[in-house]
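Please consult the sequence and the model alongside the text.

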Amino acid sequence: MEEFRRSYSRLCRESGAEPQKAVLQQLHQLPRGRLDLATQSLTVETCRALGKLLPREMLCTELVLSDCMLSEEGATLLLRGLCANTVLRFLDLKGNNLRAAGAEALGKLLQQNKSIQSLTLEWNSLGTWDDAFATFCGGLAANGALQQLDLRNNQINHKGAEELALALKGNTTLQQLDLRWNNIGLLGGRALMNCLPSNRTLWRLDLAGNNISGDVLRAVEQAMGHSQDRLTTFQENQARTHVLSKEVQHLREEKSKQFLDLMETIDKQREEMAKSSRASAARVGQLQEALNERHSIINALKAKLQMTEAALALSEQKAQDLGELLATAEQEQLSLSQRQAKELKLEQQAEADQASRSPMGAKAASPIPRLLWLALGVRAIQAEGQGGGGHGGQGVVWKAKRAATQHSLRTLTPETVGPEPRSQAWSHLGLEGPLSASAWCCVGAAPTGSGKPTAEFSRILLASC
C-alpha cells in the first residue's frame, strides 16, 4: 500500500490539490487487500486520483466507501476507474446519496466489470429517476459476476421493480437481492414474483417494507424456498462433482502413471526383443556358416564317393576280368589235367605192356614210377651241384627221363643210363650197379639198409611233382 499512497499524493499534486491527510492516514494503516475509506469526505480530486489508481491496483480486493458524501462527479470518476479493475471483489457505496448520474455510472460498471461479486448500495436514491435506474438494471442483466446486491432504501417504485424483474430474467449469477424499505407496491411485487420461475440462481429475495400483500410475499417466500432447495442440491452436486473431479484427476494421474510405466515396459521389451533379434540373427549367421561348411563337406564327400564308386566300378571290372581269366585258367588246367591223365594212362598202359613183354626185368627190380625217377634226377642234380660237377647233371636228368619212359620196370643200372655211369653224380649217389640201400639213403629215400622210402623222400617227391 505504500506505493499506492505515494501515487495518490503525486496525482493529487498534479491536479493542483493537496492530498487529504485522512486518506493518507488510512492508506498507511490499511491491512493488506482492503481499502476502507468509510466516513471520509472524499473530494473530487481524491476521487479522480483513486479512479486512476484503482484500475492498476492488483492488491485491493475490498473497497469500502460508505458514508463518504460522494458528489455526482466524484462518484462518476471513481466508478469509471473501477470498470477496468480485475481483482476487486467487494464494493460498499452505502449512504452516498447516489442519484441519476450515479445510477448510470453503476450500470456501466456492472456491464463492464467482471470481478465484483458483492455490491452494497443501501441508503442512496437510485430509484428516483426511472431512466437512470433502467440503465442500472440493464447493466445488472448483462453482468456475469455479481452474486449479492443490496438496494435497501433507494426509493425504488413499481416501475423500478418491473425493470429489476426484467433484469433478473436475464441474469444468471445473482443469488441474493435485498429490496427492503422501498416503494415497490403490489404491482412491483407481482412483477418480481412472476420473474422468479425464469431465474434459476436467486435463492434470497427480501421485500419487507414495500407495501406488498401477504399472498405475494408468501409466493415469493415459497419460490425462494424452492430456489434454496435447488441451490442446496446444486451445491451438493457441485461438491460431488468436485470430489468426482478430484477422483477423476487422481485416476487420470494413476492411469497416466500406469501408461508411462506401460510405455517404459514396452520400450524395455522392445529393447530386449531387439537384442534377442540381434542375437538370433548372429546365431542364424553362425548356423548358416556351419551349414555352408557342412554343405562343402558333403559336396567333398560326394565327390569322394563318386571317385570311390568309379574306383569300385573299375575294381569290379578288373575283378570280372580276373574272374574270366581265372575261369579260363581253370578250364585250361582242367584240360591239362585231363590231358595228363590221358598221358599217364597211356604211359601206364605202355609200361604194363612192356612189363608183360619183359618178365625177368620186372622180377629183378621193383617197379618205380616215373615221378620217383624224376625225384631221383632232381636229387642227383642237387648232388651234382654240391659236388661241383658240370654238364653231367643235365645228362643225368635226360637219361633219367628216358629210363623212366622206356625202362620203368627195369632195375636202374649204370648201363641203362648211358655213357656216363661213372660221373661224379652217379658216384655220389652210389649208383655203381643196381640201386642199393646206400643209394636210397643218399637221395634221402630211406635210412641206411632199410630199402623203404621215408617221409622226407615223399615230401621231395610231392615237391617235385
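Predicted model: local features only at pLDDT ≥ 70, side-chain atom pairs only at ≥ 80, totals over all residues.

Q: How are helix α1 and helix α2 oriented relative to each other, roughly parallel or roughly antiparallel?
A: Helix α1 covers residues 2-14 and helix α2 covers residues 21-29, and the two pack with their axes 9 Å apart. The angle between them is about 165 degrees. Because angles over 145 degrees count as roughly antiparallel, the orientation of α1 to α2 is roughly antiparallel.

Q: In which hand of crossing does α1 pass α2?
A: Two packed helices are described by the angle between their axes and the distance between the axes. For α1 and α2 these values are about 165 degrees and 9 Å. The crossing of α1 past α2 is right-handed.

Q: Which residue forms a salt bridge with R152 at 2.6 Å, N to O?
A: Side chains of opposite charge can pair when their charged atoms come close. R152 lies in the loop between β5 (148-150) and α7 (158-170), and its partner lies in the loop between β4 (118-120) and α6 (130-142), 30 residues apart. Both residues of the pair are buried. The partner of R152 at 2.6 Å is E122.

Q: Is D150, which forms a salt bridge with R152, buried or exposed?
A: The closest N and O atoms of R152 and D150 are 2.8 Å apart. The relative accessible area of D150 is 10%. Because a residue under 20% counts as buried, D150 is buried.

Q: What is the N to O distance in the salt bridge between E264 and K268?
A: E264 and K268 both lie in helix α9, four residues apart, which is about one turn of the helix. E264 is partly exposed at 41% relative accessibility, and K268 is partly exposed at 47%. Their side chains meet in a salt bridge with an N to O distance of 3.8 Å.

Q: Why does L260 count as exposed?
A: L260 lies in helix α9, which spans residues 214-357. A residue counts as exposed when its relative accessible area is over 50%. L260 therefore counts as exposed, its relative accessibility being 52%.

Technical notes. Residues numbered from 1 in each chain as written. Heavy atoms only, no water. Buried < 20%, exposed > 50% of the residue type's maximum accessible area, 1.4 Å probe, protein only. Axes fitted to C-alpha atoms, helices over the stretch in contact; angles between N-to-C directions. Parallel < 35°, antiparallel > 145°, perpendicular 65-115°, else oblique. Left-handed = near helix turned anticlockwise from the far one by under 90°. Salt bridge = Lys/Arg side-chain N within 4 Å of Asp/Glu carboxyl O.
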